[in-house]
Amino acid sequence: MSEQPRRGEHTRAVRTPVPPQVLQRPVGLPVYRSATFAFDTSQGYADVLGGTAPGYSYSRVDNPTADAFAAAVADLEGYGVDGPVTAQPFASGMAAISTTLLALLSAGDHVVASAELYGGTYSVLAHVLPRFGVRVTVVDAGDDAAVRAAIGPQTKVVYAETLANPTMAVADLPALAAAAHDADAVLLVDSTFASPVVCRPLEHGADIVVHSATKYFGGHSDVTGGVAVGAPDILAPVRALRIDLGGSLSPDDAFLLHRGIATLPLRVHRSNETALQIATALAAHPQVERVHHPGLPEHPDHTLAATLFDDGCFGAIISIDVRGGADAAMAFCDRLRLADVAASLGGVHTLVGHVASTTHRQLDEAALAAAGIAPGTVRISVGLEDAADLLADLDQALTSR
Ligand SMILES: *Cc1c(COP(=O)(O)O)cnc(C)c1O
């Protein structure tokens with residue numbers, strides 16, 4: 001045998017020594033930052049791409065780091081559910097929501113959706129799906145008779161949010177599931193505001209749960225992601241459409257989301273406790289007309305929340321109606337020194353936003369009133385700062401003029 005000719009500089013720069021196979025299990029999650037995976041044989045490539053052998057081929061299809069994140073979410077959401085639960089990882093909450101809806105619906109189908117929805121979701125339902133021949137009826141999801149009256153033979157999806165923005169209305173998941181299932185429709189639930197630490201909708205009859213992982217799973221306002229969770233058979237078309245539409249999660253973002261999950265229960269319990277303390281204090285504040293938080297006994301869904309949510313958990317989002325209307329509410333936000341005026345929620349930092357001028361700016365005054373939103377409503381996503389510091393900040397911003 002003749003000696004291998006010495007390879008050129010460019011070849012050696014590209015064809016670096018193959019990293020060692022690691023036999024020990026890494027304790028930290030490795031980031032598989034590779035768009036594609038090489039096979040020893042063409043048959044091996046064909047088998048993995050054809051789905052007849054397990055493995056990885058291309059990261060839009062599957063990526064080990066993204067899979068690790070999805071498996072962790074499935075484990076949390078699937079607690080208490082009979083049978084297997086799987087999850088599909090997405091690049092954002094909207095990718096998860098839009099892909100799941102498109103996977104479940106065809107032209108001629110009908111959706112019954114709660115009137116209280118995240119703005120991006122509302123936009124997909126109101127403006128995108130109708131272009132493809134899907135009809136959408138919006139109802140008060142808390143009115144069982146209205147939900148049942150809206151459901152027809154073409155209804156394929158009933159859509160609600162576990163905790164709705166900004167009134168913190170709680171979805172009656174068992175009632176919605178019964179109404180959907182009586183019509184052979186799927187109950188699809190956005191549980192972003194709750195997280196599986198507060199409530200696991202699959203336990204209460206939901207068929208698919210979607211999340212903006214940008215919020216509580218990530219938890220540090222440094223990553224966007226999404227996830228859809230459900231039984232493997234119902235999630236199969238969602239997976240197929242994720243691959244076709246391409247809203248798959250990147251390995252780096254998956255790493256951050258997976259890391260966030262390690263402290264999810266600690267963060268959610270702590271922020272839920274602080275939120276209840278703040279809600280209770282602000283309910284007695286002279287500059288606050290009303291506090292929307294299901295942990296307060298006067299919230300219309302307090303009993304429902306206590307039934308569906310884990311002990312002591314009512315979420316960490318509070319909405320308050322600041323006395324004096326929109327100008328007073330915006331001035332209150334601007335006077336805060338600790339909390340940031342910012343979009344998003346569910347992170348370690350307490351964030352606030354004036355609802356009528358931001359998340360619900362598309363609604364006119366009548367629509368705002370119908371949705372239970374006052375001109376002075378401010379949403380507070382309670383973070384991990386000390387409750388005493390947050391309360392002092394909120395009080396000075398409410399009181400000083
Ligand atoms: C943020 C959010 C979304 C959208 O998620 P992105 O990660 O921003 O795409 C959907 N639903 C709810 C309830 C949200 O709060």
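Analyst: On a 1 Å grid over the protein atoms alone, a pocket is an open set of points with protein on both sides within 12 Å along at least five of seven lines, whereas a cavity is a set where a 1.4 Å probe fits but cannot get out; lining residues have an atom within 4 Å of a point. Grid points are joined across faces, edges and corners, and a volume is the space filled by probe spheres set on the points. The structure above is a predicted model, in which local features need pLDDT of at least 70 and side-chain atom pairs count only at pLDDT 80 or more, while totals for chains, interfaces and linings use all residues. Residues are numbered from 1 along each chain as its sequence is written, and side-chain values use heavy atoms, with hydrogens and water left out.

User: How much space lies in the largest pocket, and which residues are closest to its centre?

Analyst: The largest pocket holds about 840 Å³ of space. Its lining is made up of 19 residues, and Val18, Pro19, Gln21, Tyr32 and Phe37 are the closest to its centre. By class, 13 of the lining residues are nonpolar, five are polar and one is charged. Here Ala, Val, Leu, Ile, Met, Phe, Trp, Tyr, Cys and Pro count as nonpolar, Asp, Glu, Lys and Arg as charged, and the others, Gly among them, as polar.

User: What volume does the second largest pocket have, and which element gives the most to its lining?

Analyst: The volume of the second largest pocket is about 670 Å³. It is lined by 31 residues, with Ser114, Ala115, Glu116, Leu117 and Ala371 nearest its centre. Helices (H or I, at least four residues) and strands (E, at least two) are DSSP runs, numbered from the N terminus. H5 makes the largest contribution to this lining, four residues; helix H5 (119-128), strand E3 (135-139), strand E4 (155-161) and helix H14 (365-370) each supply at least two. The lining divides into 17 nonpolar, nine polar and five charged residues.

User: How many cavities of 30 Å³ or more does the structure hold, and which residues line the largest?

Analyst: Rolling a probe the size of a water molecule over the atoms shows where empty space is left. In this model there are two cavities of 30 Å³ or more. The largest cavity contains about 40 Å³ of space, and its lining residues include Tyr216, Arg267, Ser271 and Leu384. That lining has four nonpolar, five polar and one charged residues. The second largest cavity contains about 30 Å³; among the residues that line it are Ser59, Asp62, Asp67 and Arg242. Its lining comprises four nonpolar, three polar and three charged residues.

User: Which residues are closest to the ligand, and how much of the ligand does the protein bury?

Analyst: A residue is near a molecule if one of its heavy atoms lies within 4 Å of it. The ligand is surrounded by 13 residues, the closest being Met94, Asp190, Ser212, Thr214 and Lys215. Helix H4 (residues 93-104) supplies the largest share of this shell, three residues. The shell contains five nonpolar, six polar and two charged residues. For polar contacts, the cut-off is a pair of N or O atoms within 3.5 Å. An oxygen atom of the ligand is 2.9 Å from a polar backbone atom of Gly93, and an oxygen atom is 2.8 Å from a polar backbone atom of Met94. An N or O atom in the side chain of Lys215 is 2.8 Å from an oxygen atom of the ligand. Taken alone, the ligand exposes 380 Å², of which the protein buries 90%, with areas from the Shrake-Rupley method and a 1.4 Å probe.

User: How many salt bridges does the structure hold, and where do Asp252 and Arg33 lie in the chain?

Analyst: A salt bridge is a side-chain nitrogen of Lys or Arg within 4 Å of a carboxyl oxygen of Asp or Glu. The model has ten salt bridges. In one of them, the side chains of Asp252 and Arg33 meet at 2.7 Å, N to O. This pair links distant parts of the chain, 219 residues apart: Asp252 lies in helix H10 (residues 251-262), and Arg33 in the loop between helix H1 (9-14) and helix H2 (42-49).

User: Which peptide bond is cis, and which residue has a positive phi although it is not a glycine?

Analyst: Most residues other than glycine have a negative phi, and most peptide bonds are trans. The bond from Asn165 to Pro166 is cis, with omega near -5°, and Pro166 is placed in the loop between E4 and helix H7 (173-182). Met168 has a positive phi of about 60° and is found in the loop between E4 and H7.

Definitions and conventions: Polar contact = N/O pair within 3.5 Å; in protein donor to acceptor, adjacent residues only side chain to side chain.
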